[in-house]
Protein chains: 2
Amino acid sequence: MNTSSRARRKQRTASPLIRQRPWRNIVNSMPLFNLVPEEAVEAIENTSLNVLEEIGMKFLHPPAVETLKKYGAIPDKEDPQILRFDRNMILEKVALAPSQFTVTARNPQHSIVIGGRNIVFASVGSAPNASDLDNGRRPGNFQDYQNFIKLIQTFNSIHASSGYPVEPQDIHPKVRHLECLKAQALLSDKSTKCYVLGKPRTLDAFEITKRVHGISHEQFCSSPHIWTVVNTNSPLILDGPMAEGVMTMAEHGQATIITPFTLSGAMAPATIPGALVMQNAEFLATAALSQCTKPGAPIIYGSFTSNVDMRSGSPAFGTPENVKASQISGQLARRYNLPIRLSNATASNIPDAQAAQETVMSMWACLTANANVVNHSAGWLEGGLCASFEKFVIDAAMLDAVDAYLEPTLFNEDQLAMDAIREVKSGGHFFGAQHTMERYAHAFHEPFASDWSNFGAWTENGSQDSLTRANRIYHDIINNFEPPPLPEDRKEDLEEFVQRRTKEGGVPTDF
Amino acid sequence: MNTSSRARRKQRTASPLIRQRPWRNIVNSMPLFNLVPEEAVEAIENTSLNVLEEIGMKFLHPPAVETLKKYGAIPDKEDPQILRFDRNMILEKVALAPSQFTVTARNPQHSIVIGGRNIVFASVGSAPNASDLDNGRRPGNFQDYQNFIKLIQTFNSIHASSGYPVEPQDIHPKVRHLECLKAQALLSDKSTKCYVLGKPRTLDAFEITKRVHGISHEQFCSSPHIWTVVNTNSPLILDGPMAEGVMTMAEHGQATIITPFTLSGAMAPATIPGALVMQNAEFLATAALSQCTKPGAPIIYGSFTSNVDMRSGSPAFGTPENVKASQISGQLARRYNLPIRLSNATASNIPDAQAAQETVMSMWACLTANANVVNHSAGWLEGGLCASFEKFVIDAAMLDAVDAYLEPTLFNEDQLAMDAIREVKSGGHFFGAQHTMERYAHAFHEPFASDWSNFGAWTENGSQDSLTRANRIYHDIINNFEPPPLPEDRKEDLEEFVQRRTKEGGVPTDF
């Protein structure tokens, strides 16, 4: 790099590419919102406990069955993997889980508080495809993966990744977790999600996290340093890897979002109350497994309940049913005094008006449900099958605005502005008032991806739509990205571990 | 028309072009939402009453000044058009206004209930330009005007027009109101808004309404049959035509939305509490004028408070500040037990993701504020400077979904679906369950402008984005529109009146 390009680079760093709000653990300042009366929430709970007492849930993992039997679960005579539960045992176990905890990030300033009125926005996760305006839609690759991590690290409104934003399909699954977690550690200092797809992968993720944080095994296990999502295999099954994951995470004191996969009309009844009954039953039984494994293990009530398109069977999001399910799930989580995870989702194939409409509908569902974790909060398209770079930017800008909205309004004398009104009186203008001048630079939120210019100016500037502007911001960020510092010794530890595990062949796969 | 084309036409009518929810007076089933504590609302009210007592408001209409003086308003010594008010007089007068009333439409089934938990969606109004994908943006013309009226009439989620959706600039202002109201009467049986731009126009609107409804002057005046919006000329001025409009509407028992034009940072202080102080002061003084003119005249608390872009001075919508202002305005209106009018707005130049994002943000502000009237709820772009046909369709579809969301959820045994869960058990699928079959056709809301197909099917179908789909729906509606019936004698009365007034030269203009 020559001197002038270094100077340019320095200047760029000094003057940020995007004007965004500073990082903070966002607190939801809205009043709590109960869409339905408490009796409705009780009816869901009661029915879900009836499901667990009468019908039961199937656990495809012998140690999970053994653990739950120890606490009184009764195996079905014909299929001993199906367990039935006494309602009191379930409720007592779930009551052991903490209502709030912190997931420590590599950079402690990026640690996230989960629970209470805190709201964490986690990026899109697990999309098999990626897309941008430049090259269209393609199977996810490692370059796309890394570019998404750079966006996650850059936007203050994105608190964490939600797993791999896109699946790097060009890396073999036996070592994919090693390469992905390493890249994440090198490019971001925000908190990490791992996939509990078999114990070796989970333990590798723990090892990498310890090395990147520079902490001992005991320090790692003493509080959450990594988190995961466990999905049930609805209806009423927890499969082997997921059950093992719940237990491994609990044993190591790490955080687990337990999300039943209860799409109404497909894997759950075709009514929202019925789907929520199923969701609650599956959550409670899985949460009980976690708490039987280790009392007090940090868990999060996950809801992904939405409806399917009855004609095609494909899932829909941001629908009236989805909004209701999210809001009522918030009430259920409050009943258990647990944090809740929801999603910012859309079924649209491109980041158009439909995508934005469905996403903002989902987002308000999250806000009014008091969501503590919003997964897929930026970049998600096609019901999760594609991660879009432009949509990531558009969503991150929306979340930046939501952060501003959630900043409580003050009502002191200065804010009530009687003096300014006295100064301007009838027929004047506030542009030039002292009160306005004093707050000129920071009076209002300025969204970094919006264009508020008039039609003439907008046309002269090339008639850029949201996508075009987002594309430019995305490239600006990628082109100017500088990774956060990671101490050299930790970097070496990380490299050594990944090289060793790669030499050992990673984790066994059947292909 | 030959037989086969008639048959085709019949078929089209029988099978509706869009699958939408039936017309209803929508009731907001959400819990009431108070963003800020009651003390904050009191602080705004107190400061606004201080403004009226100490600074006063200017009325550019001598009869308004005389009326208010009769009830104790004190003219300023230097500028007798500026009136100061005792806070108790103001509050007593405002308390005379009804908390709920009905605006009768030509088709009584399309009458709208304003107040309480009712929510009315009124289309875009007063845009000088129109746009569609086919011909881009152009000054509004009478053809566009009529096409928008056809959309208003067709969508059940649009309860009323909000004035002229677009200004037909090809019709001279001296007769524009006559042609517009006539076209509206011929193409729509929903309720009508008039513009109070001088008494002759207002009285013409009354005359046309009486003829179209087929009612006497006394019947007309006995309850609201038409409504208007009156804007203050912020800060702290009510201009001549608007003041005359408030009085004329009150005298005739017709409904007036009183909306201060308090854009924070321009015509109002650069803080939301300060802008709301200004809004509340201007609303209260104008409402007092209405109630001094005729106690019990139907009025609506209007809020249009948003912020401007501090760099350009242009207004912004769907911003964090706009959402807060709307929600707090809802609390203010509840304090006075009055209906509230808000807006569904965006500053975007095209119906892209930004437009949808800002619109849905505004819309949730309306919902959580318990808005009774949402003006500009479909089709608005460019901060009101353009009415878009495609955005109209996209927004109407969103409002159709909002209607579905606001339908209360039942929690009976059938909805809780224990029997279905018992039937399917673990590992089954609900697609084929009896419970699903029974509700296959109507289980979930189906948005008429969204595409939920997967990427492959969507690509095969031409990769249509929201705009393209909306454009097709818009043309389908226009091409197949059939006006609602209007009795022949009323039609003749209407024609006779409009011809006569046109012959008389319409209303005087200075150009």
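Predicted model: local features only at pLDDT ≥ 70, side-chain atom pairs only at ≥ 80, totals over all residues.
Mentor: Residues are numbered from 1 along each chain as its sequence is written, while chains are lettered from A and ligands numbered from 1 in the order in which they are written.

Trainee: What makes chain A as compact as a globular protein of its length?

Mentor: Chain A has 19 helices and 18 strands; helices (H or I, at least four residues) and strands (E, at least two) are DSSP runs, numbered from the N terminus. Its radius of gyration, taken over C-alpha atoms, is set against the globule rule, 2.2 Å times the number of residues to the power 0.38. The value for chain A is 24 Å and the rule gives 24 Å for 511 residues, so chain A is as compact as a globular protein of that length. Along the principal axes, the C-alpha atoms of chain A fill a box of roughly 80 × 60 × 45 Å.

Trainee: Why are H13(A) and H18(A) called roughly perpendicular?

Mentor: Helix H13 (residues 389–405) of chain A packs against helix H18 (residues 466–479) of chain A at about 95°, with the axes 8 Å apart. Axes are lines fitted to C-alpha atoms, for helices over the stretch in contact, and angles run from 0 to 180 degrees between N-to-C directions. Under 35 degrees counts as roughly parallel, over 145 as roughly antiparallel, 65 to 115 as roughly perpendicular and the rest as oblique. H13(A) is therefore roughly perpendicular to H18(A).

Trainee: Which classes of residue make up the contact of H13(A) with H18(A)?

Mentor: Seven are nonpolar, two polar and one charged. Ala, Val, Leu, Ile, Met, Phe, Trp, Tyr, Cys and Pro count as nonpolar, Asp, Glu, Lys and Arg as charged, and the others, Gly among them, as polar. On the H13(A) side are Phe389(A), Glu390(A), Val393(A) and Ile394(A). Two residues are in contact if their C-beta atoms, placed from the backbone, lie within 7 Å.

Trainee: How do you know what angle relates H3(A) and H10(A)?

Mentor: The axes of helix H3 (residues 62–70) and helix H10 (residues 272–293) of chain A come within 9 Å and cross at roughly 80°. These two helices are therefore roughly perpendicular as well.

Trainee: What makes E1 and E10 edge strands in the open sheet of chain A?

Mentor: Eight strands of chain A form this sheet, in the order E1-E7-E16-E15-E14-E13-E11-E10, with mixed pairing. Two strands pair if DSSP finds at least two bridges between them. Strand E1 (26–27) and strand E10 (192–193) of chain A each have a single partner strand, so one side of each is left without a neighbour in the sheet. Elsewhere, three bridges join the parallel strands E13 (residues 255–259) and E14 (residues 299–302) of chain A, where Ile258(A) has Tyr301(A) as its bridge partner.

Trainee: How do you know that the copies meet through the same surface?

Mentor: 100% of the interface residues of chain B are also interface residues in chain A, so the surface is the same. The contact takes 97 residues from chain B and 97 residues from chain A. Helix H12 (residues 353–368) of chain B gives the most to its side, with eight residues.
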